[in-house]
Number of protein chains: 2
Amino acid sequence: MESIDSLGRHILVEAWGCRDDALDDLPGIRQAMVEAAEAAGATVLDVSFRKFAPQGVSGVVIISESHLTIHTWPEHGYAAIDLFTCGERARPWKAFEVLSDFLGADQITTMEIRRGEIGELRRAKKSETDFVYLHEYGGSKQESGF
Amino acid sequence: MESIDSLGRHILVEAWGCRDDALDDLPGIRQAMVEAAEAAGATVLDVSFRKFAPQGVSGVVIISESHLTIHTWPEHGYAAIDLFTCGERARPWKAFEVLSDFLGADQITTMEIRRGEIGELRRAKKSETDFVYLHEYGGSKQESGF
């Protein structure tokens, strides 16, 4: 059991060389995204998916624990996926596994970022400045959970 | 005019010390998010916002150019925002400005990540491996546009 030092976990996925028939398949993508949310132990609140002309799909699954999103570029064999969960029980890498299986990508690059790091909360409360643009993110890169 | 070397731009925002009456104000947040999308020059396709008990708001604005999301933790004075746009015309930092004004945060940390970097596309096409988990993201940190 890892310690909880942030409010949320956010996995950014870059999937290249996805199988040809996956990236423009709105019903298939929607089903995979909902299954991904369920695999993560998340509660689905709303889904919204769109198909673009001539190709490409965008979709969001809003979960009690934050959100999952996907945007596809079939012409590049590419999908951008975000898996953002909060709470101790959510398992965002389980969602990743479902989508990875669905996309059948040649190459997947991932980055996990901690959102709402508690250290930042303490720092914000101590801050004497009125407004600070740091332009750098305090999140640390994490290895995947498998 | 910067050169286009990626399919999308993704700004991650960590906002701390937000004004008390902003983070639990669903109508206000929804309005600010839609105004942010419009300020970015994006086309709004769908919106979905939820209020949680006892507090907190989650919301998504799906745009033709990808998505904007927000999740708030009023008890921590914190909001996590994602501004993901594709295409040459979108101005995600304009969206940021609208939301920054709305939240009135003491401290804002941002990171801009390039999604779908074209170099990765070339690399994927040349790849001889069947499947590679890099567990590192090729995106580079970017300074903000203002």
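## Strands, helices and ring pairs

Let's start at a turn: five residues lie between the strands in the hairpin of β2(A) and β3(A), and within this hairpin A:Gly56 takes a positive phi near 110°. The model is predicted, so local features need pLDDT of at least 70 and side-chain atom pairs count only at pLDDT 80 or more, while totals for chains, interfaces and linings use all residues; side-chain values use heavy atoms, with hydrogens and water left out. Residues are numbered from 1 along each chain as its sequence is written, with chains lettered from A and ligands numbered from 1 in the order in which they are written. Strand and helix names follow DSSP runs numbered from the N terminus (helices are H or I with at least four residues, strands are E with at least two).

Now follow the chain into β3(A). Seven of the seven residues of this strand, residues 57–63, are buried, so the rest of the structure largely encloses it. Buried here means under 20% relative accessible area, against over 50% for exposed and partly exposed in between, using a 1.4 Å probe and protein chains only. In a regular strand, side chains alternate between the two faces of the sheet. Both faces of β3(A) are covered: one side has A:Val57, A:Gly59, A:Val61 and A:Ile63, the other A:Ser58, A:Val60 and A:Ile62, and all are buried.

What does β3(A) pair with? One partner is β2(A), residues 44–51, which pairs with β3(A) in the antiparallel sense over seven bridges. (Strands pair if DSSP finds at least two bridges between them.) Across that pairing, A:Phe49 stands opposite A:Gly59. Strand β4(A), residues 66–73, also runs antiparallel to β3(A), joined by six bridges. There, A:Val61 has A:Leu68 as its bridge partner, and the hairpin of β3(A) and β4(A) has two residues between the strands.

Next come the helices of chain A. A:Asp25 caps the N-terminal end of α1(A), with a side-chain oxygen 3.0 Å from the backbone nitrogen of A:Gly28. (The expected span is 1.5 Å times one less than the number of residues.) Its buried residues include A:Ile29, A:Ala32, A:Met33 and A:Ala36. Covering the buried residues of α1(A) are, among others, β2, β3, β4 and α2 of chain A. Just after the helix, A:Gly41 has a positive phi of about 80°.

Helix α2(A), residues 92–103, tells a similar story: its 12 residues should span 16 Å, and the end C-alpha atoms are 17 Å apart, which agrees. Among its buried residues are A:Trp93, A:Phe96, A:Leu99 and A:Leu103. Here too a glycine follows, A:Gly104, with a positive phi near 55°.

The aromatics are worth a look. Rings of Phe, Tyr and Trp (its six-membered ring) pair if their centres lie within 6.5 Å, and planes under 30 degrees apart count as stacked, over 60 as edge-to-face and the rest as tilted. That gives six aromatic pairs over all chains. A:Trp73 and A:Tyr78 are a tilted pair, 5.5 Å centre to centre with 45° between the planes. Both are buried, A:Trp73 at 11% relative accessible area and A:Tyr78 at 0%. Over in chain B, the rings of B:Trp93 and B:Phe96 have centres 5.2 Å apart and planes at 80°, so this pair is edge-to-face. The two residues are three apart in α2(B), residues 92–103, about one helical turn. Back in chain A, ring pairs link A:Trp16, A:Trp73 and A:Tyr78 into a cluster.

Stay with chain B for B:His67, which sits in strand β4(B), residues 66–73. B:His67 is buried at 0% relative accessibility. Its side chain makes a polar contact of 2.7 Å with the side chain of A:His71. (A polar contact is a pair of N or O atoms within 3.5 Å; within protein, one must be able to donate a hydrogen and the other to accept it, and residues adjacent in sequence count only if both atoms are side-chain atoms.) Beyond its neighbours within four places in sequence, B:His67 is in contact (heavy atoms within 4.5 Å) with residues including A:Thr69, A:Asp82, B:Asp82 and B:Phe84.
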